[in-house]
Amino acid sequence: MIIRRAEPGDLAQIAQIEGLCFPEETAFPPGMFAYLIRYSVALVACEPAEKVLGFIIGYASGTGGAIYTLDVHPLYRRRGIGRELIKALEEELRSQGVLTVRLEAALEKPEAMELYHKAGYRARELVKNYYGRGKHAVRMFKTLK
Ligand SMILES: CC(C)(COP(=O)(O)OP(=O)(O)OC[C@H]1O[C@@H](n2cnc3c(N)ncnc32)[C@H](O)[C@@H]1OP(=O)(O)O)[C@@H](O)C(=O)NCCC(=O)NCCS
């Protein structure tokens, strides 16, 4: 597996994985990914044959950065791909001057919170209705070393 910058040619696979990971009402619309690939930091984990297994998207703004979304294809989970994508994004953000990374994780997804906690993120606040009525998020932060 390699991790590299996402390219326009990855869009169809990225949108497909997003559809497998999130219900339509919370998924990023496919058109949004073209914008994010161009203007944010988007990385894909893929096999040599260019099959996309997962992706992560974040951004850097001064010394602050964020993780917008992280998706791993359901058939390729629990192999460390999520962990590697987080690490690769942090390295990229750090190289752009970021010192602190923020993210929001859905309260109803304990596996994502566990993954981020293991990666060094700590919950700082509850954001009520972040994903829609009654769907709360936890805002987590990590200071990069
Ligand atoms: C959350 C997600 C990205 C994890 O990806 P992954 O590649 O399977 O994660 P990893 O294999 O790197 O897991 C690293 C650690 O996270 C934790 N973890 C990951 N998935 C877990 C699960 N289903 N249950 C419990 N812990 C889990 C474990 O501690 C794991 O370490 P271990 O396998 O050594 O026990 C993946 O399940 C996913 O895409 N879910 C749908 C989209 C989503 O919720 N994204 C997060 C957006 S906020």
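I count two strands as paired if DSSP finds at least two bridges between them. Helices (H or I, at least four residues) and strands (E, at least two) are DSSP runs, numbered from the N terminus.

This is a predicted model: local features need pLDDT of at least 70, side-chain atom pairs count only at pLDDT 80 or more, and totals for chains, interfaces and linings use all residues. Residue numbers start from 1 along each chain as its sequence is written.

**Sheet.** I looked up the strand order first. I find an open sheet of 7 strands, β1-β2-β3-β4-β5-β7-β6, with mixed pairing. Neighbouring strands are turned against each other by 25 degrees on average, direction ignored. For angles, axes are lines fitted to C-alpha atoms, for helices over the stretch in contact, and values run from 0 to 180 degrees between N-to-C directions.

I then checked β6. It pairs with β7 (residues 137–143) in the antiparallel sense, over 5 bridges. Glu125 has Arg139 in β7 as its bridge partner.

**Helices.** I traced α1 (residues 11–21) next. It lies across β3 (52–61) and β4 (64–72), at about 95 degrees to β3. Contact here means C-beta atoms, placed from the backbone, within 7 Å.

The axes of α1 and α2 (residues 30–39) come within 9 Å and cross at roughly 125 degrees. Therefore α1 is oblique to α2 (under 35 degrees is roughly parallel, over 145 roughly antiparallel, 65 to 115 roughly perpendicular, the rest oblique). On the α1 side I list Leu11, Ile14 and Ala15; they meet Pro30, Phe33 and Ala34 of α2. The contact residues divide into 6 nonpolar, no polar and no charged. Ala, Val, Leu, Ile, Met, Phe, Trp, Tyr, Cys and Pro count as nonpolar, Asp, Glu, Lys and Arg as charged, and the others, Gly among them, as polar.

**Ligand.** I went to the shell last. Of 20 residues around the ligand, Arg77, Gly82, Arg83, Glu111 and Leu115 come nearest (near: C-beta atom, placed from the backbone, within 6 Å). The largest share, 5 residues, comes from α4. The shell divides into 8 nonpolar, 3 polar and 9 charged residues.

Conventions: Two residues are in contact if their C-beta atoms, placed from the backbone, lie within 7 Å.
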